[in-house]
Amino acid sequence: MKWVYIAAGIALFIKILLVPNPALNSSVSIVESIVQDSGIPNAVTGIIFRNRLYDTIFEVVVFTIAIMGAYYLLANEKPQNKIYRFTDEPSIVLARLGATISALVGIELAIRGHLSPGGGFAAGVAGGTAIGLVAITSSTEWMQGVYQRWHAATWEKVSVLLFILVSVLTLLGIELPHGELGALISGGMIPLLNILVAIKVALGSWAAILIFIRYRGLL
């Protein structure tokens, strides 16, 4: 029986070498087809939130589990007695200027990610970067107070639930009108999914930053 498997493997290898790949019998390229189906110019975002939406759902869920895992693994550790941060004026000014720029870039990527390079994940990373830059120049108590005052943990969970709900509606074929290609309000559910992912990633990054600063410090 072993020789049958070996012969089958050799035959398959020869077939791969000798038989050419079938040509795509279509006058429309794959990228153009994705753009037409999604109604947005950014084909990458169209793939993420339409063609591979199942993958995107589980990526968001995995990110949520990672934040929960950080809480669980560090819960029994002793918090740092003293948290070091930047205190000199030039570092504070530069860090907060960078935070402002990162926050504005994050908002831009979340709102216009379906029209140009970018999208929800990139926007969330930009937002998390802004929060991290503020964290290295601010007291842990102040950052924790702002996090609790704005109920960031609750909004993070709500954004995940809304993302899953909108994704399920999209997978069921329930969509908003695509609108005009290239317009800000276009692409059906995709802009909404972008914004929800951006909120989730930014707030999740905020939670991770706070817990690692509390138990590991900045330096």
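## How α8 and α9 pack

Helix α8 (residues 152-171) and helix α9 (residues 190-216) pack with their axes 9 Å apart, at an angle of about 150 degrees. That makes α8 roughly antiparallel to α9, a label given to angles over 145 degrees, with under 35 counting as roughly parallel, 65 to 115 as roughly perpendicular and the rest as oblique. Axes here are lines fitted to C-alpha atoms over the stretch in contact, and angles run from 0 to 180 degrees between N-to-C directions. The crossing of α8 and α9 is left-handed, that is, the near helix is turned anticlockwise from the far one by less than a right angle.

On the α8 side, the residues that meet α9 include Trp155, Glu156, Phe163 and Val166. Their counterparts in α9 include Leu196, Lys200, Leu203 and Trp206. By class, the α8 and α9 contact has 14 nonpolar, four polar and two charged residues; Ala, Val, Leu, Ile, Met, Phe, Trp, Tyr, Cys and Pro count as nonpolar, Asp, Glu, Lys and Arg as charged, and the others, Gly among them, as polar.

## What the model is

This is a predicted model, in which local features need pLDDT of at least 70 and side-chain atom pairs count only at pLDDT 80 or more, while totals for chains, interfaces and linings use all residues. Residues are numbered from 1 along each chain as its sequence is written, and side-chain values use heavy atoms, leaving out hydrogens and water.

## Two residues to look up

Start with Thr56, which lies in helix α4 (residues 53-74); helices are DSSP runs of H or I with at least four residues, and strands are E runs of at least two. Thr56 is buried, with a relative accessible area of 2%. Beyond its neighbours within four places in sequence, Thr56 is in contact (heavy atoms within 4.5 Å) with Ile48, Phe49, Phe121 and Phe163.

Glu32 sits in helix α2 (residues 30-38) and counts as partly exposed at 44% relative accessibility. The scale calls under 20% buried, over 50% exposed and what lies in between partly exposed, using a 1.4 Å probe and protein chains only. The C-alpha atoms of Glu32 and Gly120 are separated by 22 Å.

## What UniProt lists

The unreviewed UniProt entry lists "transmembrane region" at residues 56-74, 94-111, 117-137, 158-176 and 188-213; such annotations may be inferred rather than shown by experiment. In the model, residues 94-111 are 100% helix, with end C-alpha atoms 26 Å apart. Residues 158-176 are 74% helix, and their end C-alpha atoms lie 21 Å apart.
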